[in-house]
Amino acid sequence: MFEKSFVCGSCGSEFPTTRMRYRCDCGGSLDISYDYSKIRGKISREILDSRIFGHMRYREFLPVINEGNLISMGEGGTPLLKSESISQQLGLENLYFKLENLNPSGSFKDRGSAVEVGKALDRGAEKAVVASTGNMGASLSAYSAKANLDIKIIVPEKVPEIKLEQMKRHGAEIEMIEGDYSKAEEKAWDLKEKGFYLMGDYAYRGEGEKTVGHEITEQIKADKVVMPVGNGTLMHGTYKGVKEFKKTGLDENVPEMIGVQAKGCSTVSKAFKENKEKIEPVGNVETDAGAIACADPLDGKFALEAVRESNGFACDVSDRKTRHARDLLARDEGIYVEFTSGAALAGIIENIERFDKNEKIVCVLTGHGLKDKL
Ligand SMILES: [Zn+2]
């Protein structure tokens, strides 16, 4: 509908979206541009309000997918739950949890999968490949099962057993490789050369994840949005979604974006603290927060930009603090999330002096507790 081109986040080069592209010739990650003046003429508060609260409510902001290729399983439309106990313990009046763990496969990844699988079908894909730390593979397995698309998932050796089980149950082919996510990513690129359609944290996935930003903007006038950062795609997508509402006159509110990483894989956080432009890959990833253990984050540059441009910040937390936050959510709020999701709350607790008592804070809980045993 309104999709224009792939745009490189590093050098600004543009490429038509008629052919799939993953990276710019300079190696930079790609984003997708839109004709927002046209979207502005097609969308209004009334039109939005006439639709159900969910991913496809924001269809004008999503890439075009041919009729019949749109694979939707009720993703998005997740609740924003006000904290009662933890907020009191922290001296905050308005702490909210965005329950992305309630998506169809148990993580926010489903928003991206809906777009990515649709696009793969549009482009005639018959067999797909993806490198995954677990959640993306589980999500794409489910959406590929519904789309009748063959999919191979390359996983690093530390992937939780339960996420593997999820992939297998949906009929995906699994290949486990030695090393971390970056090694799995290399292998997926090799298979792309052999005719597989490559999926992952590339431009179309971020487009699907934008709807987290659209939804939060409709749910509350947030002052700060806090989330875990692995590849940085969710951070990039959420911030882009928020800004799209501003560009099209739907809502002026732009919250500060706060990214939380694991101490043992603090790529974006390190660049932020040291005031650097370039994100240095981590040689040796050491964390139990597997869902954000990305040694060389694909969308790290976009995530860093989102944090800086919105006057937010990036930080990193120890696994011990992540575990504590995860347990607090379960014990005091009744919310069951996976290990990595604890990182966002741990980031708030560790940096509590940077949060004002009255401001509206949204903590994004990315994955369900049934997904790991850590
Ligand atoms: Zn470039």
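A: The structure holds 37 salt bridges, a salt bridge being a side-chain nitrogen of Lys or Arg within 4 Å of a carboxyl oxygen of Asp or Glu. The model is predicted, so that local features need pLDDT of at least 70 and side-chain atom pairs count only at pLDDT 80 or more, whereas totals for chains, interfaces and linings use all residues. Residues are numbered from 1 along each chain as its sequence is written, and side-chain values use heavy atoms, with hydrogens and water left out.

One of these contacts joins Lys-98 to Glu-215, where the closest N and O atoms are 2.7 Å apart. The pair links distant parts of the chain, with Lys-98 in strand S5 (residues 94-99) and Glu-215 in helix H8 (residues 203-219), 117 residues apart; helices (H or I, at least four residues) and strands (E, at least two) are DSSP runs, numbered from the N terminus. Lys-98 has a relative accessible area of 0% and is therefore buried, and Glu-215, at 0%, also counts as buried. Here buried means under 20% relative accessible area, exposed over 50%, and partly exposed in between, with a 1.4 Å probe and protein chains only.

A further salt bridge is formed by the side chains of Lys-152 and Glu-173, at 3.5 Å from N to O. Lys-152 belongs to strand S7 and Glu-173 to strand S8 (residues 173-177), so that distant parts of the chain, 21 residues apart, are linked. Lys-152 is buried at 12% relative accessibility, while Glu-173 is partly exposed at 46%.

Arg-323 and Asp-288 also meet through their side chains in a salt bridge, with 3.4 Å from N to O. Arg-323 lies in helix H12 (residues 319-333) and Asp-288 in the loop between helix H10 (267-273) and helix H11 (300-309), a link between distant parts of the chain that are 35 residues apart. Arg-323 is partly exposed, at 28% relative accessibility, and Asp-288 is partly exposed as well, with a relative accessible area of 31%.

A search of the whole structure finds 8 aromatic pairs. The rings of Tyr-22 and Trp-189 have centres 5.8 Å apart and planes at 70°, so this pair is edge-to-face. Tyr-22 is located in the loop between S2 and S3 and Trp-189 in helix H7 (residues 181-193), and the pair links these distant parts of the chain across 167 residues. Tyr-22 counts as buried at 9% relative accessibility, whereas Trp-189 is partly exposed at 25%. Phe-61 and Phe-245 form a tilted aromatic pair, at 5.8 Å centre to centre and 40° between the planes. Phe-61 lies in the loop between helix H2 (45-49) and strand S4 (80-82) and Phe-245 in helix H9 (residues 233-247), so the pair ties together parts that are 184 residues apart in sequence. Phe-61 is buried, with a relative accessible area of 0%, and Phe-245 is buried at 0% too.

A metal site brings in cysteine side chains. The protein donors of the zinc ion are Cys-8 (SG), Cys-11 (SG), Cys-24 (SG) and Cys-26 (SG), at 2.3 to 2.4 Å from the ion; donors are N, O and S atoms within 2.8 Å of the metal (3.2 Å for Na, K and Ca), and water is not among the atoms, so sites may look incomplete. The angles among the 4 donor atoms are 105 to 118°, and the zinc site is tetrahedral, a term that requires all angles of four donors to lie between 85 and 135 degrees. Along the chain the donors follow the spacing C-x2-C-x12-C-x1-C. Cys-11 lies in the loop between strand S1 (3-8) and strand S2 (14-16) and Cys-24 in the loop between S2 and strand S3 (30-34), so this pair ties together parts that are 13 residues apart in sequence. Cys-11 is partly exposed at 44% relative accessibility, but Cys-24 is buried at 7%.

Terms used. Four donors count as tetrahedral if all angles lie between 85 and 135 degrees; four count as square planar and six as octahedral if opposite donors are over 155 degrees apart and all others between 65 and 115; anything else is irregular. Rings of Phe, Tyr and Trp (its six-membered ring) pair if their centres lie within 6.5 Å; planes under 30 degrees apart count as stacked, over 60 as edge-to-face and the rest as tilted.
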